[in-house]
Each structure stands twice: as structure tokens, then as C-alpha cells.
Amino acid sequence: MPLRSPLVEMTTPPPSVLEPVEGVRDPDLLEIVEKARGSVAYKATLAFVRASQAKRDAESEARDKLVVLKAEAAAERARLPRNARRRDMVREVIENEPAAPENIQHIHSVLALCGLPYREPKGVTNVSREYGRNTLAINAGRLINPSTGEMEMQGLPYGPKARLLLLHLCTEAVRQRSPKVEVAQSMSGFIRDMGFPVTGGERGTLKQFKEQLNRLAACSMQIGLWDGTRASTLNVPPFRQMDVWLPLHNHPDQGLLWSSTITFHREFYDNLIQHALPVDIRAARAFAGSARKLDLLFWVGYRLSRLERPLRLTWDNLYKQFGSENGSIRSFRQEFRKDVAHLTEVFPRLRLTLDDGGMQLLPSDPKDLLVPPKAALANRRARARA
């Protein structure tokens, strides 16, 4: 709608009678000036129109600059390696779009603190990890081979894909508030949602995820918990019943299908509901190819959600937590610095630093946490700062 001066009632003159006016270019503004010409309100109208033109010019210049900046940012991002480009895209999304309920997933806190093996454990059927007074021991188990009907030994779950599967399954249990959860009909949809290409064959993602699911379905876990006043130990397999993924001979292109339901062991499920750690799935996708970066994301998210004073960890502490599969603490320090740098690329306001002595993690404002805190915690922190 043409801009109207509140001082003059106008009718639109023929374009031929419009005269140039210093500082005014837009036709609708020139019309306002022309209608006021010769009136007692001319000077006030001219000032109003010039101010309007200046405001329009400033807004246009700002839009042009924004277009240029976006183009430069897109060009700069295009030059980044693939994983760095993904982290930069996730950072931008998280900074501009606060975590919504559909972005929040969950994993058991002890699984987040202690973690699965990073690489496949060769020649062993059990492993254990600990964090403070929390422990996780995993024992490999057997699973029926649907082709032969025989029980076959499965390896231990490991790597990023096993972590993502646990994140997905725990999330469904928490969301549906039931140990029996409905899951996607196809493996392809789940794999694609995690940011992986869907590929078949011996080295394809379909087979890799199927293998980790079988290992998770067969294993049993021993979870040791310490809540500050009481220690408890839970000895359960995570799943009581689970249909394994079977090849469909009538649909060779579709690959392997996911069962319609899985059922968690009731004790594991009840414990999960009490100790579920929220995770922003957008950040998890940025680190979906690295088991240690996922563990670092989970660990920092857990610590920050409860941190009320600075936390200091030595390199020896960090090595015990994240470097169990590094040959030396020296090589671990080099790799861990890169992992932390990648995490802070996605969360640039994260108050986490490394130095020669180790790591320091500082309490953060709720808006800077990896996942927004629950209302009770946010209120408690607000009272502590007051």
C-alpha cells in the first residue's frame, strides 16, 4: 500500500507532473511531496518523506548485505570437508531453532556415562566400564539363527551404530511410556533418519545396523548405580523379547525389515524411566560417525545438566573415561583435543576448555545447555544465582 502522510490528503497526479526532489526517489513518496507542494504542511511533509526514504534505503541495504553474507557463508561452508560442513549446518540450526520436543531423544544415563566399546572387542565375551561409582558390564549372548534354528553366539555391541540404536529404542520407550514399543516398519527409514546412506551388500549400512541390533538383543547388562546415598545393581538383558530382522525373499530391494514391536525387560525399562538422559538428536546426527564423540556429547550433556560449580578433570581422569582404547595417553590427548574442538563447533557457547592440566567445565546458563533443563532444575539454578 502506498505510504500516506498524515498531514495531507492526496490524489494521485499524472506521472508527468512529478518533479525530482532531493533525497527522494520512490514514486509513491514523490507523489506525497507533489500533493503537498504549495501547502502550509509542505516542509513537514517533505521531512516525513525524506525520513521514510532513508529508512527504506537502510532496510534495502541491510537486506542486500544479508544476501551477500549468506552467499559468502554458503560458499565458505561448501569448501569445508563433509563432516565439518555437517557440524556447521547443525550449529546454525541449533542456534536459530531451540530444541522442540520432537528433537529430544533419550538414553539411559549409565549407558551415556560408561558407554559401549568403541571398536569390536576381539576374542572376549564381556567388557566393563565405570564412571565414578557408576558401572556398566556387558556380556555377549546367543541368538537364534532363523535359517538354521540354532542358537549362535553374538559378539559384543560396539561403535556408533550400537549407540544410535540404543538412543532410538530408549527414546521410543520413554515417549510411549511402555516397555513394549512400536518401531518403524523398515530399517531404511531409521538409518536415513540418523543421517546414513541406505546401502546393501556385505559392507552396506543395512548389514552393519542389523549386526549391532542382534548383538544388543543377545547381550545382558549389569548396571551399577550410585545416587549419592545408596548403591544398587541391576542384572538384566535390555530386551525381554525382540523379533530379529529377517530378509524378505519377495522384496530383495527392500533389504531387511524391522520388527513391528520390541519389548524391554521390565526392570531395565523401569530403571530407564528413572535415569533417562535427554539428548538433542540434531547434535547426535552431527557426530553419528564417531563413537567417542557421541560419548562426549552424552557425557557433557549429563554433567552440565547437574553442574553447579566448576568441574576440573585431569588428563588421567579423561584417559580413563574416554581413552580406554588408545595406545598411549599422548595419542589420546591429540585425538581428544580434536573431539572437543568439534563439539564446541556445534555448541560455541559451551564453557569447556582444555589445557596442559586437563579439562575444565563451567556451569552454563540454561539457554546454553546442550538440552534445555527441566523446569525444576531451571528454577533451582535461578534461585542460586539470585
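These notebook entries record what I looked up in a predicted model of one protein.

**Entry 1. Overall make-up**

I began with the secondary structure, which comes to 13 helices and 14 strands. I then turned to burial: of the 386 residues of the protein, 44% count as buried. I also looked up the contacts in the protein with a separation of 6 or more, and found that residues 24 or more positions apart account for 65% of them.

**Entry 2. Cavities**

I searched the whole structure for cavities of 30 Å³ or more and found one. The space in the largest cavity is about 50 Å³. I listed its lining as Leu277, Pro278, Val279, Asp280, Ala283, Leu297, Phe298, Gly301, Tyr302, Leu370 and Val371. Strand 11 (276-280) and helix 10 (291-306) are the elements that each give two or more residues to this lining. By residue class, I noted nine nonpolar, one polar and one charged in the lining. Asp counts as charged and Gly as polar, so I assign the charged place to Asp280 and the polar place to Gly301.

**Entry 3. Aromatic pairs**

I next checked burial, for which the cut-off is under 20% relative accessible area. Phe196 has 14% relative accessibility and therefore counts as buried. Phe209, at 0% relative accessibility, counts as buried.

I then examined the pair of Trp315 and Phe336, which is edge-to-face with 6.2 Å centre to centre and 85° between the planes. This pair links distant parts of the chain, since Trp315 is in helix 11 (residues 315-322) and Phe336 in helix 12 (residues 329-346), 21 residues apart. I recorded both Trp315 and Phe336 as buried.

**Entry 4. A charge over a ring**

Lastly, I looked at Arg129 and Tyr118. The charged end of Arg129 sits over the ring of Tyr118, at 5.5 Å from the centre of that ring.

Technical notes: Residues are numbered from 1 along each chain as its sequence is written. This is a predicted model: local features need pLDDT of at least 70, side-chain atom pairs count only at pLDDT 80 or more; totals for chains, interfaces and linings use all residues. Side-chain values use heavy atoms; hydrogens and water are left out. On a 1 Å grid over the protein atoms alone, a cavity is a set of points where a 1.4 Å probe fits but cannot get out, and a pocket is an open set with protein on both sides within 12 Å along at least five of seven lines; lining residues have an atom within 4 Å of a point. Grid points are joined across faces, edges and corners, and a volume is the space filled by probe spheres set on the points. Helices (H or I, at least four residues) and strands (E, at least two) are DSSP runs, numbered from the N terminus. Buried means under 20% relative accessible area, exposed over 50%, partly exposed in between (1.4 Å probe, protein chains only). Rings of Phe, Tyr and Trp (its six-membered ring) pair if their centres lie within 6.5 Å; planes under 30 degrees apart count as stacked, over 60 as edge-to-face and the rest as tilted. A charge sits over a ring if NZ of Lys or CZ of Arg is within 6 Å of the ring centre and within 35 degrees of the ring normal. Contact means heavy atoms within 4.5 Å.
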